[in-house]
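Colleague: Before I use this model, I should like to hear the grounds for the terms applied to it. Please take me through them one at a time.

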Amino acid sequence: MNHYTLSDLTLGMSETFTVTVTAEMMERFYAITGDDSPIHRDAAYAKGRGYPGRVVYGMLGASFFSTLAGVYLPGEHCLLHGVECKFARPIFVGDTLTVSGTISHISEAVGEVEIKATITNQNGQKVTRGILRAGLAQ
Amino acid sequence: MDNQMIFDAVQEIFRDNFDDDTLVLTRETCADDIEDWDSLEQINLLTAMEKKFAIKFKLEDVRGLKNVGDLLDLVVRLTA
């Protein structure tokens with residue numbers, strides 16, 4: 001875990017990590033949220049809608065923005081104020097995702113940084129884009 | 001940028017932040033007048049203004065802001 005404080009951060013600083021989405025993650029997400037939409041739960045149904053398999057919950061993918069902010073950038077001293085995200089392409093079980101964030105604005109007066117974040121799959125396709133606003137200790 | 005342009009831009013930031021295209025600001029408008037104007041929205045408003053006007057607020061600048069008039073005066077001073 002990183003431990004950046006506001007004064008450690010500069011525009012353009014970035015962090016990246018990778019994660020592979022597993023069927024177990026899908027089960028756990030379902031257990032937490034109760035979202036039983038067949039596009040996420042039923043492979044035959046998903047294929048019928050033209051996808052190669054179950055579509056990963058968009059919010060499961062976006063949940064890695066929590067990890068990005070809370071563990072990597074800025075890490076320990078972060079408290080997320082907000083996340084805006086767009087699900088540009090579907091994610092599938094087994095995809096290996098590269099989660100990246102870059103500091104795009106620093107507001108010292110209010111103790112907040114803006115992080116432009118992306119999630120890219122193993123084929124180099126951007127699947128999720130996000131703007132994170134993270135408060136952190138001075 | 002003259003004062004009217006700054007006012008218009010600030011009003012646009014408020015409208016965008018509170019998703020209310022009918023919002024009309026006066027210099028006396030304060031957090032008590034806008035239901036969702038809480039501490040988190042105050043941060044969002046200030047960072048949006050930093051970006052819009054390419055300015056940097058200091059903690060002592062924003063600590064005593066009481067209403068839109070104070071905010072406008074601060075932006076005018078920092079953009080002068």
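This is a predicted model: local features need pLDDT of at least 70, side-chain atom pairs count only at pLDDT 80 or more; totals for chains, interfaces and linings use all residues.

Colleague: What makes β1 and β2 of chain A edge strands?

Modeller: The sheet is open, with five strands in the order β1-β3-β4-β5-β2 (chain A) and antiparallel pairing. β1 and β2 of chain A each pair on one side only, and they are therefore its edge strands. From one strand to the next, the twist averages 20°.

Colleague: How do you know that β1(A) and β3(A) pair?

Modeller: Pairing requires at least two bridges. Strand β1 (residues 14–20) and strand β3 (residues 96–107) of chain A are joined by seven, so they count as paired, and they run antiparallel. Within this pair, Phe17(A) has Val99(A) in β3(A) as its bridge partner.

Colleague: How many bridges link β3(A) to strand β4 (residues 112–120) of chain A, and in which sense?

Modeller: Nine bridges link β3(A) and β4(A), in the antiparallel sense. Ser107(A) is bridged to Glu112(A) in β4(A). Four residues lie between the strands of this hairpin, where Gly111(A) takes a positive phi near 65°.

Colleague: How do you know that the span of helix α4 (residues 58–72) of chain A agrees with expectation?

Modeller: The expected span takes 1.5 Å times one less than the number of residues. For the 15 residues of α4(A) this gives 21 Å, and the end C-alpha atoms are 21 Å apart, so the two values agree.

Colleague: Why are the buried residues of α4(A) said to line one face?

Modeller: Gly61(A), Ala62(A), Phe64(A), Phe65(A), Leu68(A), Ala69(A) and Tyr72(A) are called buried because each meets the cut-off of 20 or more other C-beta atoms within 10 Å of its own. Down the axis of α4(A) the buried residues fall within an arc of 140°, and so they line one face. As a rule, an α-helix has 3.6 residues a turn, so residues three or four places apart point the same way.

Colleague: What covers that face?

Modeller: The cover of the buried residues of α4(A) includes β1, β2 (78–87), β3, β4 and β5 (126–136) of chain A.

Colleague: How many residues of chain A are in contact with chain B?

Modeller: Seven residues of chain A are in contact with eleven of chain B. On the chain A side, β3 and β4 each supply at least two residues. By class, that side has two nonpolar, three polar and two charged residues. Helix α2 (residues 39–53) of chain B lies across β2, β3 and β4 of chain A, at about 80° to β3(A).

Colleague: Why are the buried residues of α1(B) placed on the same side of the helix?

Modeller: The buried residues of α1(B) are Val10(B), Ile13(B) and Phe14(B). Their arc around the axis is only 100°, which puts them on the same side of α1(B). What covers them includes α2 and α4 (68–79) of chain B.

Colleague: Which exposed residues does the face turned away from that side carry?

Modeller: Gln4(B) and Met5(B) are the exposed residues there: the term applies because each has 12 or fewer other C-beta atoms within 10 Å. After α1(B) comes Asp19(B), with a positive phi near 50°.

Conventions. Residues are numbered from 1 along each chain as its sequence is written. Chains are lettered from A and ligands numbered from 1 in the order in which they are written. The arc is that of the directions from the helix axis to the C-beta atoms. Two residues are in contact if their C-beta atoms, placed from the backbone, lie within 7 Å. Ala, Val, Leu, Ile, Met, Phe, Trp, Tyr, Cys and Pro count as nonpolar, Asp, Glu, Lys and Arg as charged, and the others, Gly among them, as polar. Axes are lines fitted to C-alpha atoms, for helices over the stretch in contact, and angles run from 0 to 180 degrees between N-to-C directions.
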